[in-house]
Amino acid sequence: MNIQQFYEYCLAKKGVTEHFPFDENTLVFKVGGKMFALSSLVGWEKGEAAINLKCDPERALELRAEYEGVQPGYHMSKKHWNTVTVDSDVAQSLLLEFIDHSYELVFKSLTKKLQAEIEMTA
């Protein structure tokens, strides 16, 4: 996966917006104003691409035990976030599933009203 594929995949989801709330290097994708994916642009440029993704706490532990490319979230809550190294032992299809899972977790945490608004505008 390259940065363009990551960018397009995230932005194609309903209600997603992109932001740089921390600095000009950290690309953040949000749904309903809440983060579900973030990544360092410099990391991609250096060939050290990694993506922080929200994850169910139990599943996060299982994934970390199974894949070297899945680590506790860098600069994030270690319980709820994983850092997934791109082009590691995590296949691209699985990485896309992780992005979907993160998006769904955050989307489901939104108010019913906000979920409905996002569904209607998409």
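**Close-up views of a predicted model**

**View 1. A negative surface patch.** Asp-56, Glu-58, Glu-62, Glu-66, Glu-68 and Asp-89 form a negative surface patch. Patch members have over 30% relative accessible area and no salt bridge, and like charges are joined within 9 Å. Asp and Glu count as negative, Lys and Arg as positive; His and the chain ends are not counted. Each charge is placed at CG of Asp, CD of Glu, NZ of Lys or CZ of Arg. Accessible areas come from the Shrake-Rupley method with a 1.4 Å probe, and for residues only the protein chains shown count as cover. Asp-56 sits in the loop between strand E4 (50-54) and helix H3 (57-66). Its relative accessible area is 33%, so Asp-56 is partly exposed. Buried means under 20%, exposed over 50%, partly exposed in between. Helices (H or I, at least four residues) and strands (E, at least two) are DSSP runs, numbered from the N terminus.

This is a predicted model: local features need pLDDT of at least 70, side-chain atom pairs count only at pLDDT 80 or more, and totals for chains, interfaces and linings use all residues. Residues are numbered from 1 along each chain as its sequence is written, and side-chain values use heavy atoms, leaving out hydrogens and water.

**View 2. Two salt bridges.** The count comes to two salt bridges, each a side-chain nitrogen of Lys or Arg within 4 Å of a carboxyl oxygen of Asp or Glu. Asp-100 pairs with Lys-13, with the closest N and O atoms 2.6 Å apart. This pair links distant parts of the chain, 87 residues apart: Asp-100 in helix H4, Lys-13 in the loop between helix H1 (3-11) and strand E1 (16-19). Asp-100 is partly exposed at 26%; Lys-13 is buried at 16%. Glu-119 forms a salt bridge with Lys-14, the closest N and O atoms being 2.8 Å apart. Here Glu-119 lies in helix H5 (residues 112-121) and Lys-14 in the loop between H1 and E1, 105 residues apart.

**View 3. Positive phi in two loops.** His-75, not a glycine, has a positive phi near 60 degrees. His-75 lies in the loop between strand E5 (70-72) and strand E6 (81-85). Asp-87 also has a positive phi, about 60 degrees, without being a glycine. Its loop runs between E6 and helix H4 (92-109).

**View 4. Antiparallel strands.** Strand E3 (residues 34-40) pairs with E4 in the antiparallel sense over three bridges; pairing requires at least two DSSP bridges. Ala-37 has Leu-53 in E4 as its bridge partner. E4 and E6 run antiparallel, joined by five bridges.

Definitions and conventions
Patches are made of residues with over 30% relative accessible area and no salt bridge: like charges are joined within 9 Å, nonpolar side chains (Val, Leu, Ile, Met, Phe, Trp, Tyr) within 5 Å. Buried means under 20% relative accessible area, exposed over 50%, partly exposed in between (1.4 Å probe, protein chains only).
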